[in-house]
Amino acid sequence: MWQLYRAVLRTDDHLVLGYVDVGARLMAHARIGHHLVQGIERLLAEPARVTWAGRDARAPSIGENLYRTVGSVAELVPPEHGAVGRYLLNHDLRIFVDKATVLENEARHRIHPLPLLTADPTPDTGRTVGDHSLLGSWAHALISVRDTVPKGFEQRKFDLVERLG
């Protein structure tokens with residue numbers, strides 16, 4: 001089963017900055033080097049709360065489905081050019097993921113951690129092997145992408161690999 005996703009960016013106090021329609025089939029665009037994911041990374045030079053919001057996510061007990069509620073604000077246009085950082089920083093948990101350490105599958109594809117870490121709802125675990133507790137564990141967290149790691153942040157290993165076939 002597939003669903004549509006939007007990368008939703010919000011301020012530290014949860015005000016919506018905007019969203020980027022990233023399309024269906026999370027694993028199709030959750031790859032290191034994918035142009036849309038890199039564009040969203042460029043939007044994260046400054047920390048923002050990030051959620052890869054699915055159209056069919058269950059609404060929280062208070063509020064509505066994030067995918068549907070952000071449709072009333074302007075869609076963001078991610079920059080197509082410019083550098084992207086090596087590290088994904090979670091400022092709420094004071095942890096980081098080093099994209100350079102993400103493992104390849106047999107087809108030499110590497111999952112981009114950002115969509116899977118921030119996915120709501122969490123994707124099907126049948127598509128990946130590794131630590132499934134990572135799926136959705138950063139949804140709604142304050143995240144930035146940088147080339148350096150601030151003092152006091154600890155590394156979190158991202159070991160998810162996409163299954164083939």
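This report covers the overall build of a predicted model and then turns to Arg10.

## Overall build

The protein chain holds 4 helices and 10 strands. Read from the N terminus, the order is β-β-α-α-β-α-β-β-α-β-β-β-β-β. The radius of gyration is 15 Å, close to the 15 Å that the globule rule gives for 165 residues, so the chain is as compact as a globular protein of that length.

Along the principal axes, the C-alpha atoms fill a box of roughly 40 × 40 × 30 Å.

## Packing and surface

Of the 165 residues, 45% count as buried. Take the contacts with a separation of 6 or more: residues 24 or more positions apart account for 71% of them.

The accessible surface of the protein chain comes to about 8,500 Å². Carbon and sulfur atoms contribute 50% of that surface.

## A buried arginine

Arg10 belongs to strand S1, which spans residues 4-10. Arg10 is buried, yet it has no salt bridge. The nearest side chain of opposite charge is that of Asp120, 7.7 Å away.

The side chain of Arg10 does have a polar partner. It makes a polar contact with the side chain of His140, at 2.8 Å.

## Neighbours of Arg10

Set aside the neighbours within four places in sequence. Arg10 is then in contact with Leu15, Val16, Leu17, Ala48, Arg49, Thr51, Leu66 and His140.

Note on methods. Residues numbered from 1 in each chain as written. Predicted model: local features only at pLDDT ≥ 70, side-chain atom pairs only at ≥ 80, totals over all residues. Heavy atoms only, no water. Helix = DSSP H or I, 4+ residues; strand = E, 2+ residues; numbered from the N terminus. Buried < 20%, exposed > 50% of the residue type's maximum accessible area, 1.4 Å probe, protein only. Lys, Arg positive; Asp, Glu negative; His and termini not counted. Salt bridge = Lys/Arg side-chain N within 4 Å of Asp/Glu carboxyl O. Polar contact = N/O pair within 3.5 Å; in protein donor to acceptor, adjacent residues only side chain to side chain. Contact = heavy atoms within 4.5 Å. Rg over C-alpha atoms; globule rule 2.2 N^0.38 Å. Areas by Shrake-Rupley, 256 points an atom, 1.4 Å probe, with all protein chains shown as cover.
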